[in-house]
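The following paragraphs lead the reader through selected features of one protein model. Please keep the sequence and the structure in view while reading.

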Amino acid sequence: DPMCATAEGSLLPRKLAYGISSLSQTIATTMPEGLKFNLSEVQLRVAAMEKLVDFMPSLAFPDALQGGRPFTKSDHAPGATLAEKGIEAKHPVVMIPGVITTGLELWRGERCASKYFRQRVWGTFSSLEMFLLNPKCWLKHMMLDEKSGLDPENIKIRAALGFEAADYVIGGYWVWAKLIENLAEIGYTPQNMEMIGYDWRLSFRNLERRDRTFTRLKNAIESQVETNGGEKAVVVTHSMGGNVFFYFMQWVESPSGGNHPGWLDAHVEAFTAIGVPFVGIPSALTRLASGVIREFTELGTVISGLMELHMETKDRRQLMRSW
């Protein structure tokens, strides 16, 4: 893990850099010319990793960097407390993440991104590597077509699937991981718990048009209900995920959408909204006008610092307006 930390800070990237430097020197002085190979690509990746480490917030490692006591599972484990009281899994749970927290993968792209096929271009260290090594290439792939709001020509970015789609973002920042872990304590498994990721860049209409997101969500809930003894599902949403489900609730019963009157009463027990902006987000205007993204800032200096260094304001503004 490139985020390994000690009291002195994150060491692994710097150890890698030192090791590669030593190896390069050895190759240059001892190996026959015909056997020498180029370590420049490896060095570029390590350099990118070092840049990332320089921006790592101490919040990511409060115990290691601030001398606090080690984190233990019992400190924040309501699931274990409920299990001790005899609480068990009942209703299947379907989770819908918020904006920017679903990982996005490359399924088709330009030559500059060919080595990232089926890797994350958003949400993991591979996406940060791509951003650091070739910001223009990353920007081109993350932008949507300005007219259609869909994929640019020859580029296909799709939402990651499963719990890994949104359990963590950018390595150490947990989003849904703690909820998944605590639900597992009372008996939840992939058989009665599911994460529905989506491409948060798209408009709600285009989510269904391109990816059939709402059709897949409907099928997922129906499957969970059917395979769990007819128990209705509990839908847990965060941030924009709540707006997505609110749209879905209208879509699924509308004659112009799913056209299934009474579907919600038959399949959904409850809807939990965590930090959902039902009346909108005024800061969206700031993004469109200036390219400043508050959510990136709240993730810490990792994202906001890299954005400032590697992407001009006009490029960020253009990116926001394409979404």
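Two strands are taken to pair if DSSP finds at least two bridges between them. The model under discussion is predicted. By that criterion, β5, β4 and β6 form an open sheet of three strands, in the order β5-β4-β6, and their pairing is antiparallel. Strands β5 (120–122) and β6 (156–159) are the edge strands, each pairing on one side only. From one strand to the next, the twist averages 45°.

The pairing of β4 with β6 can be followed at the residue level. Strand β4 comprises residues 104–108 and is joined to β6 by four bridges, the two strands running antiparallel. Within this pairing, Glu105 stands opposite Arg158 of β6.

A helix accompanies the sheet. Helix α6, formed by residues 135–142, lies across β4, β5 and β6, and its direction makes an angle of about 85° with β5.

A disulfide is a covalent bond between the sulfur atoms of two cysteines. One disulfide is found when the whole structure is searched. The link between Cys112 and Cys137 is right-handed, with 85° about the S-S bond. Because Cys112 belongs to the loop between β4 and β5 whereas Cys137 belongs to helix α6, the pair ties together parts that are 25 residues apart in sequence.

Are the two cysteines buried or exposed? Cys112 has a relative accessibility of 36% and therefore counts as partly exposed. Cys137, with a relative accessible area of 3%, is buried. The threshold that matters here is 20% relative accessible area, under which a residue is classed as buried.

Trp122 and Trp200 are both buried.

Elsewhere, aromatic residues form a cluster. Its members are Phe204, Phe214, Phe245, Phe246, Tyr247, Phe248, Trp251, Trp263, Phe271 and Phe278.

Conventions:
Residues are numbered from 1 along each chain as its sequence is written. This is a predicted model: local features need pLDDT of at least 70, side-chain atom pairs count only at pLDDT 80 or more; totals for chains, interfaces and linings use all residues. Side-chain values use heavy atoms; hydrogens and water are left out. Axes are lines fitted to C-alpha atoms, for helices over the stretch in contact, and angles run from 0 to 180 degrees between N-to-C directions. Contact means heavy atoms within 4.5 Å. A disulfide is a pair of cysteine sulfur atoms within 2.5 Å. Buried means under 20% relative accessible area, exposed over 50%, partly exposed in between (1.4 Å probe, protein chains only). Rings of Phe, Tyr and Trp (its six-membered ring) pair if their centres lie within 6.5 Å; planes under 30 degrees apart count as stacked, over 60 as edge-to-face and the rest as tilted.
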